[in-house]
2 protein chains.
Amino acid sequence: MKPITSEKEFLKNYNIHDFDVPLTSVDMSIFSIIDDELQVLLLKRNDYPAKGKWALPGGFIDKQQDSNLEDTAKRKLLAKTGVSTPYLEQVSTFGSKQRDPRGWSVTIVYMALIAADDIKLSTDDSSDEIKWQPVYQLSNKPALAFDHNEIFNHCYERLKSKVQYTSLPVNLLPEEFTLTELQTTFEIILDMPIEKKSFRRRILDAQILEETGNLRTGNNRPAKLYKANKLGKDHFFQRSIEGPR
Amino acid sequence: MKPITSEKEFLKNYNIHDFDVPLTSVDMSIFSIIDDELQVLLLKRNDYPAKGKWALPGGFIDKQQDSNLEDTAKRKLLAKTGVSTPYLEQVSTFGSKQRDPRGWSVTIVYMALIAADDIKLSTDDSSDEIKWQPVYQLSNKPALAFDHNEIFNHCYERLKSKVQYTSLPVNLLPEEFTLTELQTTFEIILDMPIEKKSFRRRILDAQILEETGNLRTGNNRPAKLYKANKLGKDHFFQRSIEGPR
DNA sequence: TTGACTTAGTGTCTCAATAACACTAACATT
DNA sequence: AATGTTAGTGTTATTGAGACACTAAGTCAA
């Protein structure tokens with residue numbers, strides 16, 4: 001067999017099946033605020049392995065449809081929730097010999113934030129059971145399939161730490177929202193009270209919101225409605241929100 | 001063919017070669033400060049694809065040796081630099097149809113920080129050419145193999161942003177160092193001057209260093225030597241180092 | 001129509017962290 | 001002993017945030 005002397009020739013002789021590669025998938029934690037609680041989407045596995053256990057949504061890369069990893073995550077998310085423009089962020093990649101009984105496997109983990117109003121759950125394909133689970137019920141119990149508890153915890157920690165110094169929570173709200181609604185969203189995620197004046201000063205100074213001109217009316221003084229501007233969809237603050245002194 | 005009714009049975013019938021999975025590798029940006037410059041390790045590729053181009057060190061998972069992704073990164077790093085206890089952090093994972101001419105591929109990217117003193121470069125295996133490249137010479141030229149320029153830029157951005165609010169740079173220094181040396185390391189990475197008093201107050205207040213009792217003597221007043229304590233190896237500050245007002 | 005109630009939004013004080021910068025301290029070298 | 005150089009400190013002004021009491025603007029019920 002003669003030596004290979006060009007890239008073209010190399011590629012002709014190359015066959016991925018000659019290599020012993022790990023199984024590679026994409027999994028995701030999809031967060032939303034439902035009934036004033038931070039919740040995450042779970043699916044009950046319909047097939048082996050881990051049949052019958054609850055798991056984070058995910059699956060394999062479709063080499064035909066997906067041109068990159070984010071495509072894969074978006075496709076999964078659209079199929080399950082009907083949301084096509086989520087906030088999507090890669091969190092981490094887990095890979096080991098032990099995490100899946102099928103052997104060496106790798107999973108790229110994403111976190112998505114979606115507004116409750118946009119969700120249209122579909123039990124699309126395999127009639128999987130699907131549910132929203134409040135995160136505080138999940139951080140303790142080690143009940144999920146594979147290493148999905150660990151994966152979820154990473155996502156939850158990432159969400160909490162990033163909320164400290166970004167305007168991420170706008171992605172959990174509808175297009176228009178009041179400052180009080182935004183503050184409440186921060187408080188739900190961080191699970192701690194935030195001082196009203198400091199919060200408003202900081203959000204407004206950061207120049208990530210603009211008034212829509214509309215008002216939310218109710219049983220009391222109407223509140224101005226805001227929406228996130230271009231910066232607001234993924235903006236870093238100067239300083240972080242801190243707890244009480 | 002009868003239906004599968006247990007996990008055990010499922011695993012017996014499972015064969016990864018029935019699946020069309022992507023090629024999966026681990027790549028890394030290895031940073032060190034050499035000649036008062038932040039530099040990154042590059043290898044010249046000895047084989048197709050991208051033969052003859054400079055690339056970040058990396059390679060495939062060894063299903064026999066490596067029990068997880070970090071193992072894989074550590075093994076590569078040890079082979080190339082002789083360093084066995086680096087600071088190692090997963091940065092991101094890149095995967096797409098286009099990034100490698102062989103087709104759909106995924107690479108998990110790590111960044112490593114090592115002290116210049118610990119390095120023993122080895123042209124171990126395939127007599128690859130190996131070199132340190134100053135990062136400022138790399139951020140512009142798109143000369144590396146595959147998408148390694150993009151990958152490197154991610155690592156460099158991560159390093160710079162993380163240095164803002166952590167004590168990461170201790171990992172680029174030898175065991176013992178002076179506060180001025182640590183400050184200089186910060187300044188080299190951030191490429192901006194830092195005010196001396198503020199820097200010292202913040203580092204000392206953070207309680208991440210302890211005096212070793214030794215002094216660095218020279219042609220002037222001797223400086224106290226410090227080493228990082230347990231916290232110091234990966235500690236988050238309260239607030240970030242900021243530029244001039 | 002008026003006053004109680006509720007939530008929106010503001011004025012202002014205090015405190016803590018830090019950038020700025022001028023200062024003192026301790027060595028070697030001549 | 002004087003000079004130069006780097007280590008290390010004292011002190012002020014600024015800034016951003018927490019605390020909290022205040023005002024503003026609506027609904028609703030009597």
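Which of the 26 residues around DNA strand C come nearest? In this predicted model, they are A:Lys196, A:Lys197, A:Arg200, A:Asn220 and B:Arg202. Sugar and phosphate make up 59% of the atoms of DNA strand C that come within 4 Å of the protein. The protein chains also meet each other, with 43 residues of chain B in contact with 43 residues of chain A.

**Surface near DNA strand C**

- By class, the surface near DNA strand C consists of 15 charged, seven polar and four nonpolar residues.
- A:Arg221 places a polar side-chain atom 3.2 Å from a base nitrogen of DNA strand C.
- In chain B, the side chain of B:Arg221 has an N or O atom 3.0 Å from a base nitrogen of DNA strand C.
- The elements that give two or more residues to this surface are helix 5 (196–205) and strand 9 (223–228) of chain A, along with helix 5 (196–205) of chain B.

**Extent of the interface between chains A and B**

- The area buried between chain B and chain A is about 3900 Å², of which 57% is on carbon and sulfur atoms.
- On the side of chain B, the residues that lose the most area to chain A are B:Tyr48, B:Lys63 and B:Trp104, which together account for 18% of what that side buries.

**Polar and charged pairs across the interface**

- Two salt bridges are found across the interface of chain B and chain A.
- One salt bridge joins the side chains of B:Asp20 and A:Lys63, with an N to O distance of 3.1 Å.
- Polar contacts across the interface of chain B and chain A involve 26 residue pairs, with both residues at pLDDT 80 or more.

**Make-up of the chain B side**

- Helix 1 (7–13), strand 1 (23–34), strand 5 (87–96) and strand 6 (105–113) of chain B are the elements that give two or more residues to the side touching chain A.
- Strand 5 of chain B gives the most to that side, contributing six residues.
- The side of chain B that touches chain A comprises 20 nonpolar, 13 polar and ten charged residues.

Terms used:
Residues numbered from 1 in each chain as written. Chains lettered and ligands numbered in written order. Predicted model: local features only at pLDDT ≥ 70, side-chain atom pairs only at ≥ 80, totals over all residues. Heavy atoms only, no water. Contact = heavy atoms within 4.5 Å. Buried area = accessible area lost by both parts, 1.4 Å probe. Salt bridge = Lys/Arg side-chain N within 4 Å of Asp/Glu carboxyl O. Polar contact = N/O pair within 3.5 Å; in protein donor to acceptor, adjacent residues only side chain to side chain. Helix = DSSP H or I, 4+ residues; strand = E, 2+ residues; numbered from the N terminus. Nonpolar A, V, L, I, M, F, W, Y, C, P; charged D, E, K, R; others polar. Near = heavy atom within 4 Å.
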